[in-house]
Amino acid sequence: MHSPSPRSLVDLPIRRLNRGDLIPCADLCEDRGWPRDERRWGLLLSAGTGYGIDAPDGKGLAATCLTMPYGSDLTAVGMLLVAERYARRGLARRLMRYVMETVGDTPLALYATEQGRPLYEDLGFSSVGRAERVGGRFAAGGPDDSPSVTAPPVHSSSVLPPSASSVTTRPAAADDLQAMVRLDLPVFGADRTHLLARLPAFSDRLQVAEEYGELVGYAALWPSGQAEVVGPLIARDTVTAQALVAALAAATDRPLRADVDARHKELLGWLAEHGLEPLTRTTVMTYGIPDLPGDAARRFAPLTVATG
């Protein structure tokens, strides 16, 4: 059987994905050497909008793309994947053009790999920042850490170093969601209630930071392959972000991974001191807006690069 010509490939129909496509989406990730992440795909397909092209050989999906809408303020684009056997034949460009036409005037944001960046630049996206993916086993204890920060009890509050002893972290409770949404809106710059409401069921652990009863940060831990991902990580300052990461690390014996905004050099240095090494780098890109909305000083890491 002859493989389709490049022209016939880009003429294949694009359709909306649904929960029934979860396994084919995971298969496509595996085809490209990524973790299958069926749990993440479940979240993305329920909270976002997926688009796909069925493989002409009848074996699953040839390509996927995921959009995560935040009203008319912003749409994040991710999971642009093409099966290896159909790579470099125009499918990624076709899907991106389709997505850009579908969202209309809504601004777009995405995290681009080095391989994908030329395509996005050609489509009119601009680079506005970087994210550093780090990973490894978190080593509790460091030159500037108190034991209560690096190894907090799993079911009780963890206390920050003496310089910020009024801040504590604890597992999130059901009635924390409204406070998380209020904190998140000015930090992320768009309403993502529909995503945050799914965090308790999606994550292995959801931790909040408080000072005098006011929520000043939150972070989630969720599985991906053999690792646990820290994200989102929203915090008033670096010390609060460190305390949240330390509390999450104490709740698992698996390696950690995070995509940290490269502007947060102090946090990246602290993570390196605790055993997390650089893995990959992505470029943050936007279309239709000059930069990401919100407050970058408090936005340390995304839930996943696919959700912006």
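**Close-up views of a predicted model**

**Figure 1. Buried residues of helix H2.** In H2 of this predicted model, the buried residues include Leu-22, Cys-25, Ala-26, Leu-28 and Cys-29. Because these residues span an arc of only 155° around the axis, they lie on the same side of H2. The cover over the buried residues of H2 includes H3, strand S3 (61-70) and S4. Just after H2, Gly-33 adopts a positive phi of about 80°.

**Figure 2. Cys-25 and Cys-29, two cysteines without a disulfide between them.** The whole structure contains 0 disulfides. Cys-25 takes part in no disulfide, and the nearest cysteine sulfur, that of Cys-29, is 7.5 Å away. Seen from Cys-29, the closest cysteine sulfur belongs to Cys-25, and the 7.5 Å between them is too far for a bond. A disulfide would require the two sulfur atoms to lie within 2.5 Å. Cys-25 is buried at a relative accessible area of 0%, and Cys-29 is likewise buried, with a value of 0%.

**Figure 3. Asp-37 in the loop between H2 and H3.** Asp-37 lies in the loop that joins helix H2 (22-31) to helix H3 (38-47). Although Asp-37 is not a glycine, its phi is positive, at about 50°. Most residues other than glycine have a negative phi. Asp-37 is buried, with a relative accessible area of 8%.

Figure 4. Is Arg-88 buried or exposed? With a relative accessibility of 72%, Arg-88 counts as exposed.

Figure 5. The bond from Gly-231 to Pro-232 is cis, with omega near -5°. Most peptide bonds are trans. Pro-232 belongs to strand S11, which covers residues 227-235.

Figure 6. Ala-241 is part of helix H10 (residues 238-249). Its relative accessibility is 0%, so Ala-241 counts as buried. Which residues are in contact with Ala-241, leaving aside its neighbours within four places in sequence? These partners are Leu-233, Ala-235, Leu-267 and Phe-300. Phe-300 is 59 residues from Ala-241 along the chain, yet the C-alpha atoms of the two are separated by 7.6 Å.

**Figure 7. The nonpolar cores.** The largest nonpolar core holds 67 residues, of which Met-96, Phe-125, Leu-199 and Tyr-218 touch the most other members. Another core, of 26 residues, lies apart from it and includes Val-245, Ala-258, Leu-276 and Ala-301. In soluble globular proteins, nonpolar side chains tend to be buried together.

**Figure 8. The protein chain as context for the close-ups.** The protein chain has 11 helices and 14 strands. Of its 308 residues, 53% are buried. Among contacts in the protein chain with a separation of 6 or more, 70% join residues 24 or more positions apart. The protein chain exposes about 13500 Å², and carbon and sulfur atoms supply 51% of that area.

Conventions
Residues are numbered from 1 along each chain as its sequence is written. Side-chain values use heavy atoms; hydrogens and water are left out. Helices (H or I, at least four residues) and strands (E, at least two) are DSSP runs, numbered from the N terminus. Buried means under 20% relative accessible area, exposed over 50%, partly exposed in between (1.4 Å probe, protein chains only). A nonpolar core is a set of buried Ala, Val, Leu, Ile, Met, Phe, Trp, Tyr and Cys residues joined through side-chain atoms within 4.5 Å. The arc is that of the directions from the helix axis to the C-beta atoms. Contact means heavy atoms within 4.5 Å. Accessible areas come from the Shrake-Rupley method with a 1.4 Å probe; for residues, only the protein chains shown count as cover.
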